[in-house]
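Student: Hi! Could we go through the charged pairs in this protein together?
Tutor: Happy to, let's take a look.
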Amino acid sequence: MVSLLVKEKLYINEVVLGTGFGVLMGPYVADVFSPRSWGTEQNTITLEVMRIVLATGLFAIGVELPCAYMWEHARGLLIMVVPTMAFGWVVVAGILHGLFPMLDMISALCIASCLTPTDPVTCAAITRGKFAAKHVPLQIRSILSAESAANDGLAYPFLSISLYLTVETSTRVAIGKWFLVGWLYQVIFGTVLGAVLGLLFSKLMKLSHRKGLIDRESYIAQYLSLAIFTIGVASSLGADDLLAAFAAGSAISWDGHFNVQTEGDAFASVIDYVLNCGCFIYIGAWLPFSSYNSAELGITPWRLFCLLIAILFLRRIPPLLLLYRFVPEISSWKEALFSGHFGPMGVSAVFVSALALTRLPTPENPPADQQQQLAAMIQPIVSFVVLGSIVIHGLSIPFFNLGRGVHSRTTSLSLTWTWNNRPTPDWVLWARRADPATATPSATNTVVADVERGTVAVSGDVSPCNGEATRGDSETILATTAREEVSEVETSAFHRPREDEVTGLDSHVEVASEAGTVQAEDSTTSPIGTQVKTVRFPSSQ
């Protein structure tokens, strides 16, 4: 009843609200819902709930990415995923070993592997929504979504090497199993398996569509069923089911056919939203608040707070600030800082910690050895960091928006009046101006007014895959239909420069009455190298 106010005005997403509601319904407040009271099966139930939610979210990210995105942006993804994860893994393990002396370095590496991956469900709060569409560049949103999906599956090798070193008596045997099982079988085979399943189902659905054997509703149903089927097959074979789900989603929408058939349907988003809400309500009720002050395990609140602050500042921000020049999608240190900050921990951390417990012995009280010590400490530490990440990352957007509002109120009245009374809107700055003798002001004003009102739809050389321009994946046109506002028109290779950055700007609006279209042609030289793009606006008449 107040979802529009909460999500679009206050920018508080379902992650924060669901977790808060779960805490209220949990055993420490209302005691209505208590997952930890379910006995020995509690960890198995937690593991499978997190698995289904993660697989559905990863499959959705793979489907929603532009055509062949993983191939075309492989360089940036490789740099953002592998060195960033490795750096964060080692640094967080060092912090854990320093703050909790009862953990040896290998046990600290095991806990750090739970906190290394970026949670795709929480990350969706940044990459989707009204605020993200308005203030976060498209290439940053896409690269953050792809990175959060890829590094979720790559958490397996970091966890497996830690567990093998903990369980196996021989280091040589542990490293051998890690390479053969953790990398070759789980990661590589799981990725290939998911890609093959996605391509097969894509071919099968296109064949059924050509022969008239499948309708639109069945396409929508595949959104959820294919994700669950993929993780079922991968889990049965012992492969990396999360990477398999993401690979299947990317493969099934590789050519854009699946996107065209499911475009404009909200069913998949509703299912994803319901699963996310239920999952974070579960997490809120599952949080072990009584374990956050355990003297026998060496866990105290001040240690947990120090760990959380150190992770927020040292896990992702330093490597991205050092490596962003090698990531084409990140064009400035500010975007690198933003990308480094928004690396939330949530469902994926809970999933990996529950998976680790299935391979560790049941701890005694007090723990008898290092394996039992790790089993007793892993979930209290991980759950506290997850709670802190949900609060900090989930409320970053509202606080950022509040800061923008305070700053905007200090702007002078004269500047506001000048901006609001400009003769032409901002998008015209990207057009080349015509000779006064050939351009009619009345026609130009009519087109401008139509675009501002949203009565003109934008068309052009756009492929069926998420509105991506066929002349280059660095040029993207985002527009709305007649019932929506025109929110963004972006033609820059990396970002849209300000007016004072643009040199040699000249715009042209040409009216072609016979064809019934209006053509706006861009040709601007900016400091970062803008490419030329032609956009055709159908006439509203």
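Tutor: One term before we start: buried means under 20% relative accessible area, exposed means over 50%, and partly exposed is in between (1.4 Å probe, protein chains only). This is a predicted model, where local features need pLDDT of at least 70, side-chain atom pairs count only at pLDDT 80 or more, and totals for chains, interfaces and linings use all residues. Residues are numbered from 1 along each chain as its sequence is written, and side-chain values use heavy atoms, leaving out hydrogens and water.
Student: Where do Arg51 and Glu48 lie?
Tutor: Both are in helix H3 (residues 42-64), three residues apart, which is about one turn of the helix. Helices are DSSP runs (H or I, at least four residues), numbered from the N terminus. Glu48 and Arg51 also join Asp241 in a network of salt bridges.
Student: New topic: how many salt bridges are there in the whole structure?
Tutor: The search finds five. One of them pairs Glu147 with Arg316, at 2.6 Å from N to O. Glu147 is in helix H9 (residues 138-153) and Arg316 is in the loop between helices H16 (301-314) and H17 (317-323), so this pair ties together parts 169 residues apart in sequence.
Student: Is Glu147 buried or exposed?
Tutor: Glu147 is buried, at 1%, and Arg316 is buried too, at 4%.

Note on methods
A salt bridge is a side-chain nitrogen of Lys or Arg within 4 Å of a carboxyl oxygen of Asp or Glu. Helices (H or I, at least four residues) and strands (E, at least two) are DSSP runs, numbered from the N terminus.
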